[in-house]
Amino acid sequence: MMTTVSLFAVVFILNCLPAFAPPTWMVVSAMTLSRPGANPWLTALVAATAATAGRLVLAKMAFLLVRQRWLSARTKENVDLVKARLEQHRAMTFGAVLAYTCSPLPSNSLFIAYGLTSLPLTPVAAAAFIGRFLTYSVWVVMATEVAQKVVIDEASIFAYLGGYFVVTQVLMLALVVLFTKLDWRAWFAGRTVRLMNKTEPS
């Protein structure tokens, strides 16, 4: 029981962090390697539940701390244009989130941006849970097989964290900033890419 609780706690905390947390799939795989006899499906279920809960906390924090306190009225109006479009395409939004969370890309920026829109979190939570459960199931099964056949090179893991991972995190956070600064009215009107003009009247 304690190992399951520990897995949930570690994954939950990592997914509450806005940036520079180790990839959850890597953490889940590492914990699986240390628990070769654990049920892989239960491990994936616990990890997916914890990851989804953590991302929901992150999205809520983005809404309460960033949107409510830091964003200007003009920026909120700009972001709300995206909100209106997402509300009109709920099925597509669900599918996009599901597809994204099935990838190994970090989802922190996705949930931060989604939280800024103030949209209901239940649909995106459902999509994220399904996506994470599927991917974690694959990683857990692979980790179980790998643990029986090869020796893990920890140096290569830290090299990954020091290079690709850091660069990816910086780029994804930059995309969140761009999300708030891009003039969505111009994009929706004529697919014109430009930054928002703060002096432009509402």
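Accessible areas here come from the Shrake-Rupley method with a 1.4 Å probe, and for residues only the protein chains shown count as cover. The model is predicted: local features need pLDDT of at least 70, side-chain atom pairs count only at pLDDT 80 or more, and totals for chains, interfaces and linings use all residues. Residues are numbered from 1 along each chain as its sequence is written, and side-chain values use heavy atoms, with hydrogens and water left out.

**Exercise 1.** Describe the surface and burial of the chain.

Step 1. Of the 202 residues, 40% count as buried (under 20% relative accessible area; exposed is over 50%, partly exposed in between, 1.4 Å probe, protein chains only).

**Exercise 2.** Find the largest nonpolar core and the elements that build it.

Step 1. A nonpolar core is a set of buried Ala, Val, Leu, Ile, Met, Phe, Trp, Tyr and Cys residues joined through side-chain atoms within 4.5 Å.
Step 2. The largest has 17 residues, and L7, V11, V28, A47 and Y136 have the most contacts inside it.
Step 3. Two or more residues come from each of α1 (2–16), α2 (24–33), α3 and α7 (122–147) (helices are DSSP runs of H or I, at least four residues; strands are runs of E, at least two; numbering starts at the N terminus).
Step 4. The most, six residues, come from α3.
Step 5. A second, separate core has twelve residues, including L58 and L182.

**Exercise 3.** List the contacts of V28.

Solution. Leaving out residues up to four places away in sequence, V28 touches V11, T43, A47 and V140 (contact: heavy atoms within 4.5 Å).
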